[in-house]
Every structure is written in C-alpha cells, then in structure tokens.
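Subject: Structure handover and notes

Hello,

Here is the structure we spoke about. Please open it alongside this message.

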Amino acid sequence: CTENYLINTAVVTTDSLDDKAPYDYAADAYNKIYEGKGSGLLLLINNDTNIDILYKTGSCNTFISAEDSDLALYWATKEIVAGDYKSAVLRMLKLAENCPQHIFDNAGIFSIEQINALEAVFSSYENEVSLLATNNPSEIPNEDILRSYYDRRYKDSKGYMLMLDAYSKSLIAFSEEPLPDSFE
C-alpha cells in the first residue's frame, strides 16, 4: 500500500519515553529513521505511559484528518491491548489510502485544491504518471532523488515520474520507457 503512495512508515515500540512527551518521542523517532524527510506515518506503541501516538508528516498530515487518525488509533490501541499488533498496524497503514497516488508534495508547495486537481489530471492519463514536488538543497543530484522515488513507486509497473524542485526551480522527468515526444 505505502509504495503506491510513497509514504514512509514505521512502528516504534518503547518502554521508556526518556522524559519526553509521547508526541515528541514519536517525532524524534521519525526524524531519526527518515531524517525528517518525506511524507510519513509512525505508530508509537508506548508501553511507558500507555499513550500511543500516530505521528503524521507531509501529505499524511494534510490528507488524513484528525478524526480519521483518532478513530483508527482508538481501535488500533484496543487491538494492541488484545495482543493483535498485526491488525493494529494494518489499520494504521490503511490511513495512507487517504493520500494522493500521483502527486507527492513533499515540499508543501501545492494547496489541497491544486493537489486534487493535479491528481484528477494525472489519474486520467493512459499511462501511469506521477509528480514528486521537493525542496532539495542537498548535494544529492535531483536525478538520483528522482530515480530512487521512481524505483519505489514503479517497482512492478511502467510509468513516468516528474520531479519539481522548488529549491532549484527545475523540472525533470524519468522513465524506464522512452519518453513520448508529446511528454514535454
């Protein structure tokens, strides 16, 4: 599920919050695992104070409402208490389906309305097409970043991926297939 939405996911279980609030502990864990990058979900199973947390970032924060995440976390906590960790984790991962499948706005440059409009356009193409919006001030070339996201998104299928870098104000495209002349 998460590869279609390019969402980073993790489950962290702890017996000690190290004197942090549960939310802060979850945020620190996400930043440690994913360097704070991308859109993601981190489920904190908190055996210290028994307050479980769903940490959301990027498009997950935008497209997964507080009501949806609170309800899912309520039922997931009941499953965790019953020892059914698998159902709890799958319930939380299912929330990713609220996020776009073609527009990955990791830079936060589009409004929800723009993302929904772009998602409708990109969904209508005959071939799979997606757009990664990022802000890359790093030394890692955009081509390498685009390729890594392409490999995550299009493991078993053919598709085209665009990358809009707000930092360099550039747009590039990649595909394993030849890009059609009309693609520009």
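The notes below cover the conventions, then the strands and helices, then the salt bridges and a surface patch.

Conventions

This is a predicted model, in which local features need pLDDT of at least 70 and side-chain atom pairs count only at pLDDT 80 or more, while totals for chains, interfaces and linings use all residues. Residues are numbered from 1 along each chain as its sequence is written, and side-chain values use heavy atoms, with hydrogens and water left out.

Strands β1 and β2

Helices (DSSP runs of H or I, at least four residues) and strands (DSSP runs of E, at least two) are numbered from the N terminus. Strand β1 (residues 7-14) pairs with β2 in the parallel sense, over 8 bridges; two strands pair if DSSP finds at least two bridges between them. Within this pairing, Thr9 has Leu41 of β2 as its bridge partner.

Buried means under 20% relative accessible area, exposed means over 50%, and partly exposed is in between (1.4 Å probe, protein chains only). Both faces of β2 are covered: one side carries Ser39, Leu41, Leu43 and Ile45, and the other Gly40, Leu42, Leu44 and Asn46.

Ala27 belongs to helix α2 (residues 22-34) and counts as buried because its relative accessible area is 11%.

Helix α7

Helix α7 (residues 142-153) has 12 residues and reaches 16 Å from its first C-alpha to its last, close to the 16 Å expected at 1.5 Å a residue. The expected span is 1.5 Å times one less than the number of residues. Asn142, Ile145, Leu146, Tyr149, Tyr150 and Arg153 are buried in α7. Seen down the helix axis, the buried residues of α7 fall within an arc of 135°, so they line one face; the arc is that of the directions from the axis to the C-beta atoms.

Salt bridges

The whole structure holds 7 salt bridges, each defined as a side-chain nitrogen of Lys or Arg within 4 Å of a carboxyl oxygen of Asp or Glu. One of them is in α7, where Arg147 and Asp151 lie 4 residues apart, about one turn of the helix. Their side chains meet at 2.9 Å, N to O. Arg147 is partly exposed at 32% relative accessibility, and Asp151 is partly exposed at 36%. Salt bridges that share partners join Arg147, Asp151 and Glu176 into one network.

Two others are Lys37 with Glu35, whose closest N and O atoms are 3.3 Å apart, and Lys94 with Glu97, at 2.8 Å between the closest N and O atoms. Lys37 is partly exposed at 47%, whereas Glu35 is exposed at 59%. Glu97 is partly exposed at 39%.

Surface patch

Leu71, Tyr74 and Trp75 make a nonpolar surface patch of about 340 Å². Patches are made of residues with over 30% relative accessible area and no salt bridge, with like charges joined within 9 Å and nonpolar side chains (Val, Leu, Ile, Met, Phe, Trp, Tyr) within 5 Å. Accessible areas come from the Shrake-Rupley method with a 1.4 Å probe, and for residues only the protein chains shown count as cover. Tyr74 sits in helix α4 (residues 66-81) and is partly exposed at 45% relative accessibility.

Regards
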